[in-house]
Amino acid sequence: MCADKRKGFLVCDTCQKEFDRKQYSVGHKFCSIGCQYWGSVDYNKKGCWFWQRRISSVGYPVLRWKGEEFQAAKVGYSIWNNLEDVYNNGRLYNVCGNRNCVRGDHWEPIEK
Ligand SMILES: [Zn+2]
Ligand SMILES: [Zn+2]
């Protein structure tokens, strides 16, 4: 058939797959939290990947997904380490010293 966009579906900005618009909040451009992450950083850059969306009042990158707020660095860390869910077992330590960097290998869990 044709490649026309189906009604009620949007095309993800990152992976170009169609997703059901009704599952997401208005104006969403990404099909998953991972795609939102990749669509919010300049990952071709060497070194730190700076967050291009919201920064919290204390200076940390925030990723908003389905009404929930995540620390974007934790999302990055989870993707980098192939975790199934967003890392939420504790705090991460910023290895590179740039608080608005969300590159997965620039954050490490704080050992208890
Ligand atoms: Zn996608
Ligand atoms: Zn960094």
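Two strands pair if DSSP finds at least two bridges between them. I also noted that helices (H or I, at least four residues) and strands (E, at least two) are DSSP runs, numbered from the N terminus.

This is a predicted model, where local features need pLDDT of at least 70, side-chain atom pairs count only at pLDDT 80 or more, and totals for chains, interfaces and linings use all residues. Residues are numbered from 1 along each chain as its sequence is written, with chains lettered from A and ligands numbered from 1 in written order.

**Hairpin.** I looked up S3 (residues 62-65) and S4 (residues 68-71), and they pair antiparallel over 4 bridges. Valine 62 has glutamine 71 of S4 as its bridge partner. There are 2 residues between the strands, and lysine 66 has a positive phi near 50°.

**Helix H2.** Just after H2, asparagine 82 has a positive phi of about 55°.

**Core.** Which residues have the most contacts inside the largest nonpolar core? I got Tyr37, Val41, Ala72, Ala73 and Val102, in a core of 13 residues. H2 gives the most to this core, with 4 residues. (A nonpolar core is a set of buried Ala, Val, Leu, Ile, Met, Phe, Trp, Tyr and Cys residues joined through C-beta atoms within 7 Å.)

Key:
A residue is buried if 20 or more other C-beta atoms lie within 10 Å of its own, exposed if 12 or fewer, and partly exposed in between; C-beta atoms are placed from the backbone.
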